[in-house]
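Please look over the sequence and the model shown here before reading on.

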Amino acid sequence: MFYETILPEAVTPELIAESDIVMLYNHEKDAGVLARSKKGVGTLTVILTETGVDFWFEAPKSAIGDNILESVKRGDLDACSFAFYVATGGDSWLKVDDVYSRTIKTISLLTDFSIVVNPAYTATSCNSRSLDEFIEAEKIDEAAIVESERSLAAYYENLRSVINSL
């Protein structure tokens, strides 16, 4: 058995800014590039969050872009992977009984993110969201906020009336 853990500090904003990262399907460069972040600039946006590395891109209007987007929308593809190089001395190994464990402390280079059929890390995910869906969701959120504000204003106005009548 084999376990691998990547420590949060293994990926830094500096690493992202220095890397040339391509977005692929199943790590296959020959299938075509979906997006790219070259030294932090390009059609692939990559950011660090409290829970890991997030990325997004607009699927290209191409055969691979259309196919991948449709597969993600259908739920046939829902996971991701990434390729990287571990810095010299950037990992440690431990063997207990017949179980190997690797801890990655420092990554020296990120080379690709991939939408994959079988991820190495099952905690990954991918999904699609169109700009129209995002705008519509914002409208719903704004409407809910406006309604909440109206309800609160009415509540406090009623409360003021009760207090003034005492």
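Helices (H or I, at least four residues) and strands (E, at least two) are DSSP runs, numbered from the N terminus. On that basis the chain has three helices and ten strands. Read from the N terminus, their order is β-α-β-β-β-β-β-α-β-β-β-β-α. The model is a predicted one, in which local features need pLDDT of at least 70 and side-chain atom pairs count only at pLDDT 80 or more, while totals for chains, interfaces and linings use all residues. Residues are numbered from 1 along each chain as its sequence is written, and side-chain values use heavy atoms, with hydrogens and water left out.

Two terms are needed for the chain as a whole. Contact means heavy atoms within 4.5 Å. Among contacts between residues at least 6 apart in sequence, 61% join residues at least 24 apart. A residue is buried under 20% relative accessible area, exposed over 50%, and partly exposed in between (1.4 Å probe, protein chains only). Of the 166 residues, 22% count as buried.

In soluble globular proteins, nonpolar side chains tend to be buried together. A nonpolar core is here a set of buried Ala, Val, Leu, Ile, Met, Phe, Trp, Tyr and Cys residues joined through side-chain atoms within 4.5 Å. The largest such core has 21 residues, and M23, L44, I68, I107, L110, F113 and I115 touch the most other members. Two or more residues each come from α1 (13-18), β2 (20-25), β5, α2 and β10. Which element gives the most to this core? The answer is β10, with four residues.

M23, in strand β2, counts as buried because its relative accessibility is 0%. Leaving out residues up to four places away in sequence, M23 touches G32, V33, L34, A35, L44, F55, F57, F113, S114 and I115. The C-alpha atoms of M23 and T111 are 9.0 Å apart, although 88 residues separate the two along the chain.

A pocket is found on a 1 Å grid over the protein atoms alone, as an open set of points where a 1.4 Å probe fits, with protein on both sides within 12 Å along at least five of seven lines; lining residues have an atom within 4 Å of a point. The lining of the largest pocket consists of 43 residues, and V53, D54, F55, C80 and S125 lie nearest its centre. Elements giving two or more residues to this lining are β5 (44-49), β6 (52-57), α2 (63-74), β7 (79-86), β10 (107-116) and α3 (131-165).

S37 belongs to strand β3 (residues 35-38). Is S37 buried or exposed? S37 counts as buried, because its relative accessibility is 1%. Beyond its neighbours within four places in sequence, S37 is in contact with S19, D20, I21, L44 and V46. A polar atom of the S37 side chain lies 3.5 Å from the backbone nitrogen of G40.

Most residues other than glycine have a negative phi. K39, in the loop between β3 and β4 (41-42), has a positive phi near 55 degrees. K39 counts as exposed because its relative accessibility is 56%. D97 also has a positive phi near 55 degrees, and is found in the loop between β8 (91-96) and β9 (99-104). At 69% relative accessibility, D97 counts as exposed.

Technical notes:
Polar contact = N/O pair within 3.5 Å; in protein donor to acceptor, adjacent residues only side chain to side chain.
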